[in-house]
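Hi,

Here is the structure I promised to pass on. Please have it open while you read, as my notes follow below.

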Amino acid sequence: MAGSVLITGANGTLAIPAVDHLLKNYPDYTAILTVRDASAADPNTQRLRETISRYPGAKASVQKLDLTSLAAVHNFALTLSEEIKAKQIPPLKSIICNACYWNLVGDPELTGDGYDKTFQVNHIAHVALVLRLVDKFAQDGGRIVMFSSEAHQPGRATLEKIPPAIPEDLDLLVNPVPHDDKRAAGFHRYGNSKLVTTAWTYALNRCLEKNQKFSKVTAVAYNPGGLVDSRMFQKNISSSLSLLMQYVILPLLPLLKYKNPQMRTGAESGVDTIELALDRVHSGERGYFELLEKDESSPESRDEVKQQKLWKKSAEWAKINKHITALQGEFE
């Protein structure tokens with residue numbers, strides 16, 4: 001049974017090939033594609049529209065969604081819920097929480113909601129979206145894809161100088177302390193957002209599994225690999241890092257992949273994302289995946305006490321309560 005596939009950051013390096021793969025191989029699905037800037041002035045959104053235009057009759061829409069505004073996220077989720085309820089759009093088959101942000105050259109940036117921008121875009125906004133829409137999946141279930149990264153695990157990422165860690169005071173995640181080394185601190189904020197998202201996904205799965213109504217909805221924390229052609233290496237990074245990626249890493253990618261399979265392109269990961277999201281691989285499974293292999297996430301992300309603390313705190317940050325999510329029993 002086909003349904004709808006919701007993708008955030010749908011004009012990104014991974015997302016555009018994912019959309020292409022979805023429309024080409026699974027045309028019965030309805031693609032709901034959200035972007036920060038839906039105007040014709042955005043070249044990446046235009047690339048997305050050009051991709052869609054290659055498939056006449058494609059059931060796809062490009063919609064504006066600014067993840068730096070929780071009000072916008074809640075309003076979007078409410079509108080989509082009403083459209084699904086009215087049968088204007090098929091029930092969800094997958095939510096792909098792809099949108100991502102980092103800043104490796106500046107101090108922490110606060111959104112209008114008062115949270116660190118990296119953490120809100122990568123984690124909090126997606127928590128709000130998922131918990132508002134969890135009851136809008138098809139009767140035969142579906143899959144939620146949260147995006148992790150090797151950056152969530154201390155000692156793995158080349159750019160890491162400050163290991164990711166869940167602080168005792170969780171509010172330090174949303175209001176991080178500035179640091180003299182902007183690159184180190186910026187990547188630390190990014191790694192922390194991926195660590196928290198990975199840990200939160202375990203807690204989400206426990207809630208889904210014990211609720212008979214939602215037990216057919218699975219959640220995965222997916223590490224798509226290090227996307228060396230990502231647009232993230234073109235913005236909010238030093239010129240030296242950008243040049244390194246463009247003129248050294250990318251040309252040598254075929255050789256580097258033999259040593260580190262994590263190094264890959266957005267096109268490769270985009271295809272895998274759709275296969276995972278539509279339950280074509282590892283059907284019915286939950287947990288952490290690296291590329292398309294079930295794997296073990298970092299020890300800290302598997303700490304159930306920390307998972308539960310993050311579950312409750314994430315809902316608070318995302319302005320979720322028992323009145324606006326179908327998982328009411330988890331927020332009494």
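**Salt bridges and a nonpolar patch**

The structure holds 18 salt bridges. Please keep in mind that this is a predicted model.

One of the salt bridges joins the side chains of Arg156 and Glu290, at 2.4 Å from N to O. This pair connects distant parts of the chain, 134 residues apart: Arg156 sits in the loop between strand S5 (142–147) and helix H5 (182–209), while Glu290 belongs to strand S9 (residues 287–290). Are the two partners buried or exposed? Arg156 counts as partly exposed because its relative accessibility is 29%, whereas Glu290, at 9%, counts as buried. Both residues also belong to a network of salt bridges that includes Glu150.

In helix H9 (residues 304–317), Glu316 and Lys313 lie three residues apart, about one turn of the helix. Their side chains form a salt bridge at 3.1 Å, N to O. Lys313 has a relative accessibility of 16%, so this residue counts as buried.

Which residues make the nonpolar patch of about 580 Å²? They are Leu243, Leu244, Tyr247, Val248, Leu252 and Leu255. Helix H6 (residues 239–249) gives the most to this patch, with four residues. Leu244 is found in helix H6, and its relative accessibility of 38% is why Leu244 counts as partly exposed.

Best wishes

Terms used: Residues are numbered from 1 along each chain as its sequence is written. This is a predicted model: local features need pLDDT of at least 70, side-chain atom pairs count only at pLDDT 80 or more; totals for chains, interfaces and linings use all residues. Side-chain values use heavy atoms; hydrogens and water are left out. Patches are made of residues with over 30% relative accessible area and no salt bridge: like charges are joined within 9 Å, nonpolar side chains (Val, Leu, Ile, Met, Phe, Trp, Tyr) within 5 Å. Accessible areas come from the Shrake-Rupley method with a 1.4 Å probe; for residues, only the protein chains shown count as cover. A salt bridge is a side-chain nitrogen of Lys or Arg within 4 Å of a carboxyl oxygen of Asp or Glu. Helices (H or I, at least four residues) and strands (E, at least two) are DSSP runs, numbered from the N terminus. Buried means under 20% relative accessible area, exposed over 50%, partly exposed in between (1.4 Å probe, protein chains only).
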